[in-house]
2 protein chains.
Amino acid sequence: MSNIVHKDSSQRASVLQHVSQNIRHLRHAAELSQSALAERSGVSRRMLVAIEAGEKNVSLTTLDRIAEALEVAFSDLIKAPDNRDPSRINELAWTGVHPGSKAVLLASSAATREVELWEWRLEPGEVYPCEADADGWSEQLFVFEGCLSLEVEGQKHLLNAGEFFSFASNRRYAYRNDGEVATRFVRNVVI
Amino acid sequence: MSNIVHKDSSQRASVLQHVSQNIRHLRHAAELSQSALAERSGVSRRMLVAIEAGEKNVSLTTLDRIAEALEVAFSDLIKAPDNRDPSRINELAWTGVHPGSKAVLLASSAATREVELWEWRLEPGEVYPCEADADGWSEQLFVFEGCLSLEVEGQKHLLNAGEFFSFASNRRYAYRNDGEVATRFVRNVVI
DNA sequence: AGGGGTTGCGCAGTATACTGCCCACTTTCA
DNA sequence: TGAAAGTGGGCAGTATACTGCGCAACCCCT
């Protein structure tokens, strides 16, 4: 060990705390007992007790076996609990002195990596088919001109100008303009 | 160990692979040698070699000490390597069969936590002043109707319909509609 | 009162993460 | 040509993650 003075361990401890809390929550959500999770994951129940108590330093493979048994993404185990208020969606967040001046929250999503903002324009009759993205990706659309036909795995959604839609993009989907004027929209790609 | 048959270990291995690749990349990005990182993190260089070779099963605290020394978020170490091309901004990513059908990438930003998509509307003369956000927050604006006057710490930017702007919002800024028709825009808030 | 399920924890033993020191190889630079 | 810096890896030793077992405590049944 070097003689470097490290920052206090609160951050490190909090990571472990998140893990233990997350595992316990997810295990309860899956309605599994410690014994059942131990058997499914191959991690000993004794270790699960220690992990949930936050008194052991877990390894990546152990954590991943647990994630696999809980059928959740690895990142779900380590991420901090969401302390945002999810009920703010569609909330009228601000109104100005002039009637009509307003700000509306369309979507709020926990992003772990990347955000891409796209401007799209589809002429009448145009189709843009998409393969499924990897798990975790989602898209948020806001149409500001024309009408967008969105098809997500067989299910159709019609978005008129001013409307908004959000969906997980780990499925086949397609954008289509079935109208008679150009469709323009903003596409937010997030993971 | 139970006699349960587990899924193949490819998934588990890939997590470790991501970690090793990420650490190597981030270490190089920080222009640190293995020795330097070892000293800053308190993790032995011997261990760093093993981790970067993907031949050891890292523990959470070890990983966190590395993250701290690299000054990156813990989640940055475990997430899948970014296979997206960062130089695609303003690239005309897609054109349809009809002339005018197109998709343009307006912005791409690495998000570590949260994304909020807002719809705004400002009547003529309306002003919305904002205090500085915390460090790390940034905003991306796309105006689709009217004209938006954006003022970021004394510097003015005029955005007409169809135009786009991106800025770090850890400074005082204000939205203003100096035009004579309503301004409508999409506001993407990201950290 | 008693049996089955769940959880927390002490303990001994094993596997392995982690360290520290070693040397070999390569690249860079004077 | 040689010194210095960076990297990969062998090896012995230590710390600790992890297992398996056993026991106690607390439910919820009947």
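In this predicted model, A:Arg176 touches A:Leu122, A:Glu126, A:Val127, A:Cys147, A:Leu148, A:Ser149 and A:Glu151, residues up to four places away in sequence being left out of the count. A:Arg176 belongs to strand S9 of chain A. The C-alpha atoms of A:Arg176 and A:Pro129 are separated by 8.2 Å, although the two residues lie 47 residues apart along the chain.

**The four-stranded sheets**

Strand S9 of chain A is part of an open sheet of four strands in the order S4-S9-S6-S7, with antiparallel pairing. The edge strands of this sheet are S4 (127-130) and S7 (155-160) of chain A, each of which pairs on one side only. Neighbouring strands are turned by 15° against each other on average, direction ignored. S4(A) and S9(A), the latter spanning residues 173-176, pair in the antiparallel sense over four bridges. Opposite A:Tyr128 stands A:Tyr175 of S9(A).

Chain B also holds an open sheet of four strands, ordered S4-S9-S6-S7 and paired in the antiparallel sense. Strands S4 (127-130) and S7 (155-160) of chain B stand at its edges with a single partner strand each, so one side of each is left without a neighbour in the sheet. From one strand to the next, the twist averages 15°. Six bridges join S6(B) (residues 147-152) to S7(B) in antiparallel pairing. Within this pairing, B:Val152 has B:Gln155 of S7(B) as its bridge partner.

**Strand S10 of chain A**

How many residues of strand S10 of chain A are buried? Eight of the eight residues in this strand (183-190) are buried, and the strand is mostly covered. In a regular strand the side chains alternate between the two faces of the sheet. For S10(A), both faces are covered: A:Thr183, A:Phe185, A:Arg187 and A:Val189 are buried on one side, and A:Arg184, A:Val186, A:Asn188 and A:Val190 on the other. S10(A) pairs with strand S5 (residues 138-145) of chain A in the antiparallel sense over seven bridges. A:Glu145 stands opposite A:Arg184 of S10(A).

**Helix packing and the nonpolar core**

In chain B, helices H2 (residues 34-41) and H4 (residues 60-70) pack at an angle of about 110°, their axes being 9 Å apart. H2(B) is therefore roughly perpendicular to H4(B), because that class covers angles of 65 to 115 degrees. H2(B) contributes B:Leu37, B:Arg40 and B:Ser41 to the contact, and H4(B) contributes B:Arg65, B:Ile66, B:Ala69 and B:Leu70. By class, the residues of this contact divide into four nonpolar, one polar and two charged.

The largest nonpolar core has 40 residues, of which A:Leu63, A:Ile66, B:Leu63 and B:Ile66 touch the most other members. With neighbours within four places in sequence set aside, A:Leu63 is in contact with A:Val19, A:Ile23, A:Val58, A:Phe74, A:Leu77, A:Ile78 and B:Leu60.

Burial is also found in helix H3 of each chain. In H3(A) (residues 45-52), A:Leu48, A:Ala50, A:Ile51 and A:Glu52 are buried. In H3(B) (residues 45-52), the buried residues are B:Leu48, B:Ala50, B:Ile51 and B:Glu52.

**Residues with positive phi**

Most residues other than glycine have a negative phi, and most peptide bonds are trans. A:Glu31 has a positive phi and is not a glycine; this residue is placed in the loop between helices H1 (10-29) and H2 (34-41) of chain A. B:Glu31, also not a glycine, has a positive phi and is found in the loop between H1 (10-29) and H2 of chain B. Are these two residues buried or exposed? A:Glu31, at 74% relative accessibility, counts as exposed, and B:Glu31 counts as exposed at 73%, because the class begins over 50%. Two glycines, A:Gly54 and B:Gly54, follow helix H3 of their chains and have positive phi values.

| Residue | Phi | Setting |
|---|---|---|
| A:Glu31 | about 55° | loop between H1(A) and H2(A) |
| B:Glu31 | about 55° | loop between H1(B) and H2(B) |
| A:Gly54 | near 70° | follows H3(A) |
| B:Gly54 | near 75° | follows H3(B) |

Definitions and conventions:
Residues are numbered from 1 along each chain as its sequence is written. Chains are lettered from A and ligands numbered from 1 in the order in which they are written. This is a predicted model: local features need pLDDT of at least 70, side-chain atom pairs count only at pLDDT 80 or more; totals for chains, interfaces and linings use all residues. Side-chain values use heavy atoms; hydrogens and water are left out. Axes are lines fitted to C-alpha atoms, for helices over the stretch in contact, and angles run from 0 to 180 degrees between N-to-C directions. Angles under 35 degrees count as roughly parallel, over 145 as roughly antiparallel, 65 to 115 as roughly perpendicular and the rest as oblique. Contact means heavy atoms within 4.5 Å. Ala, Val, Leu, Ile, Met, Phe, Trp, Tyr, Cys and Pro count as nonpolar, Asp, Glu, Lys and Arg as charged, and the others, Gly among them, as polar. Two strands pair if DSSP finds at least two bridges between them. Buried means under 20% relative accessible area, exposed over 50%, partly exposed in between (1.4 Å probe, protein chains only). A nonpolar core is a set of buried Ala, Val, Leu, Ile, Met, Phe, Trp, Tyr and Cys residues joined through side-chain atoms within 4.5 Å.
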